[in-house]
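Trainee: I would like to learn how to read a structure like this one, step by step. Could we look at it together?

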Amino acid sequence: MTDVQSGHSYHPELRLDEHFWADRQPFLLSRGYRLRPRYDPAWVPSWKQLVDRYPAEDSCKPMTDNVLDAIRIRDGMKVVLKRVPATTDEIGITLYLSSAHMRSDPRNRTVHILDVIPIRYDNEEYVFLVMPYLREFYSPPSHCRSEFIESLRQLLLGLEFMHEHNFSHGDVGLLNLMMDETRVVPKGSHFARPYSHDGTGYNLTWEHRCRVAPVDYYYIDFGLSGWYPYGYDSALAMGVCGQVKTVPELSDTIPYNPFKVDIYQMGYTILEVISEYRDLQMFKPLVEAMMSATPSDRPTASSALAHFESIASSIKRRKLRTRIWRKSDTLLQRFLRYIIGVPVI
């Protein structure tokens, strides 16, 4: 099918927003990045030969319209492309935090930008930010306390680092805190179906993070981030965007301190994770301090990190590696995961 006005080729099986990627497949290929078969101009759906389309890898649709996975052709590395307006502050902030100078600090947990590709779309200028493929930091579930502690330590260090350099993140939520899955899921996972290796079913297997350490954790998505050159105390922002909707001071009309918002968001996100487990409740006092209704009562990132380390150091060594379970785990899931070694997310 062809759109006469635009001259673009359209496939009836693609969502409207997916045509953007199909149209740019040849260009991205010329720049060294190969999209999945679904976006090839010559794509013929594989499920045409199947009774049910669901098991087919090329039936997978992206969750958002501005982010998609690809393969870097020169080395086979799996990457993610994010389309960003060329005029947004996100590009400058992301590239600065990803610079060699900033990455020399081991506390820097911001995603590494591998490439920047300028494009034009609907008469507007955009860029593709190319970054490594990552997965949400809380999945697969924690095997023991030491796994959770290491992930939280890195993320709090990363928050301290950003705040020390006068950057607020603005959207510290579950979807923006990521993990390098290279050691944890050696077979890799599928971008659109992360519970699967190949996009064809619930077949994900993994290694316990505590056994394959070190595992790296990262912040992504700096679309709501800000730089405040005059420092932490004088910083002011406005807006009600972000994943965490319960921050009490968020407003479109009354300025608030964005660094204090980061602290609340991180506390809320930690709470979301520890609430899933019976054995992580010792971190509840930290969460309560970070989520104080009064912004001035919340700790700084450095103080939150110190509070966290105090709690972590109080846990006996033998308990760090002791198996923990989610509240939602059934006896069958425990049997499958612990007795016969079958992973169940």
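Trainee: What distance separates the centres of domain 1 and domain 2?

Mentor: Before the answer, please keep in mind that this is a predicted model, in which local features need pLDDT of at least 70, side-chain atom pairs count only at pLDDT 80 or more, and totals for chains, interfaces and linings use all residues. Residues are numbered from 1 along each chain as its sequence is written, and side-chain values use heavy atoms, with hydrogens and water left out. Domain bounds come from an automatic or database domain assignment, and here they give domain 1 (17-132) and domain 2 (135-340). Taken over C-alpha atoms, the two centres lie 25 Å apart.

Trainee: How many residues does each domain bring to the contact?

Mentor: Contact means heavy atoms within 4.5 Å, and by that rule 28 residues of domain 1 meet 30 residues of domain 2. Buried area is the accessible area (1.4 Å probe) that two parts lose on being put together, summed over both; between these domains it is about 2,500 Å², with 64% coming from carbon and sulfur atoms.

Trainee: How many salt bridges are counted between domain 1 and domain 2?

Mentor: A salt bridge is a side-chain nitrogen of Lys or Arg within 4 Å of a carboxyl oxygen of Asp or Glu, and the count between the two domains is four. The side chains of arginine 109 and aspartate 216 also show what such a pair looks like, for they meet in a salt bridge at 3.6 Å, N to O.

Trainee: Which element gives the most to the side of domain 1 that touches domain 2?

Mentor: Helices (H or I, at least four residues) and strands (E, at least two) are DSSP runs, numbered from the N terminus. On that side of domain 1, β2 (67-72), β3 (77-85) and α2 (89-97) each supply at least two residues, and α2 gives the most, with five.
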